[in-house]
Amino acid sequence: MADITATVEPIGMGLRIRVSPVQTVFYILLVLIGIFGNATIMFVIGDGVVKDQGGGRSSDMILVNMAFSNLMVSITRNALLVISDLGAELYSSKEWCRFLMGLWVWLRSVNVWSTFFLSAFHFQTLRRVSPIAGNKGPSKNLFVIFGLIWILNLLYSIPAYMFSTNGDKNATETLMLVSSTTRPLLGCVWNFPSSYSGLAYATTSMVIHESLPIVLMSFTNLGSLLTLYAHRRSVLLMQKNPEAPVIKRVPAERRAAKVILALIMLFISSWGTSIISVNYFNYNRGSSTEFLLVIARFANITFIALSPVVLAFGHRRLRAVIKALVSH
């Protein structure tokens, strides 16, 4: 995950970054919002899925899966970044560094593709002409896709386990990947056999894992917007012609679409900003690198922190629970 820097220097196990107090406080706030917000989504929406006699709505299960990946990234990575920023010297052995680097890449990759799955699922839902029963249980394909997301991204994270190590006091991290880190954490750094192999992995990661999801999400978002436009025209036609076929649940789908589209646009903007800034650092190392990494750190935490806020306004059950808590 990309990180911010006010000053970067090779001190103690790699890039030692000194951040301003304002930046640290703001980042801590975003991390706390991400942890508590996504935990709330898991418990509230997850509780509804468990209690639903029909087996739970598929969209709610996808949201719980996405929130779980957000939460794990926040706990295993972002919380440690906060501790490091507060001045604590955190170090790990070589084996622990391999495990943690693999874990960070795995969880962030799952987070990316879980978000894309939410976008793709909603697009497919909108394309269906027949109304969808609200209590219809999830299909077996849903669990298969969940399994594929977690297993395939686990395989993708294997190079992070193989080509990482704990740096010495003079080690300096130079290869930056959006999926893992732009600075050593717990003393863990990339350790590719050569700079060419490292850049090859970074380029492959940028194309397949980082850029492709954004392109796909852009298409599914555009498709959702066009489908909603077609639905709206159908409703207007129905109002003018009583004999026209009735299309149900359009208002509900439109409300849900606004929430999903807001989530995906938030992800595209934050993830895209991280990709641009980190890869600029990888390939150019220009004078504006430092400024871009400042943006990248906050862009990378933005989706994890703000997605629960978006859902709090748009998800019916979550909104009801929050209103009940506020009223009491």
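User: How many disulfides does the count come to by this rule?

Analyst: This is a predicted model, in which local features need pLDDT of at least 70 and side-chain atom pairs count only at pLDDT 80 or more, while totals for chains, interfaces and linings use all residues. Residues are numbered from 1 along each chain as its sequence is written, and side-chain values use heavy atoms, with hydrogens and water left out. A disulfide is a pair of cysteine sulfur atoms within 2.5 Å. By this rule the number of disulfides is one.

User: How many residues apart in sequence are the parts that Cys 97 and Cys 188 tie together?

Analyst: The sulfur atoms of Cys 97 and Cys 188 lie 2.2 Å apart and form a disulfide. Cys 97 belongs to helix α3 (residues 94-127) and Cys 188 to strand β4 (residues 188-190), so the parts tied together are separated in sequence by 91 residues.

User: What pattern does the protein chain follow along the sequence?

Analyst: Helices (H or I, at least four residues) and strands (E, at least two) are DSSP runs, numbered from the N terminus. The protein chain has nine helices and four strands. Read along the sequence, the pattern is β-β-α-α-α-α-α-β-β-α-α-α-α.

User: Are α1 and α2 roughly parallel or roughly antiparallel to each other?

Analyst: Axes are lines fitted to C-alpha atoms, for helices over the stretch in contact, and angles run from 0 to 180 degrees between N-to-C directions. Angles under 35 degrees count as roughly parallel, over 145 as roughly antiparallel, 65 to 115 as roughly perpendicular and the rest as oblique. α1 and α2 pack with their axes 8 Å apart, at an angle of about 155°. The two helices α1 and α2 are therefore roughly antiparallel.

User: How is α1 oriented relative to α9, roughly parallel or roughly perpendicular?

Analyst: The axes of helix α1 (residues 21-51) and helix α9 (residues 316-327) cross at roughly 115° and come within 10 Å. That makes the orientation of α1 relative to α9 roughly perpendicular.

User: Is α2 roughly parallel or roughly perpendicular to α4?

Analyst: The axes of α2 and helix α4 (residues 140-156) come within 11 Å, and they cross at roughly 15°. That makes the relation of α2 to α4 roughly parallel.

User: Which residues does Phe 68 touch, not counting residues up to four places away in sequence?

Analyst: Phe 68 is located in helix α2 (residues 58-85). Its relative accessible area is 32%, so Phe 68 is partly exposed. Phe 68 is also among the α2 residues that meet Leu 142, Phe 143, Phe 146 and Trp 150 in α4. Leaving out residues up to four places away in sequence, Phe 68 touches Met 42 and Trp 150.

Definitions and conventions
Buried < 20%, exposed > 50% of the residue type's maximum accessible area, 1.4 Å probe, protein only. Contact = heavy atoms within 4.5 Å.
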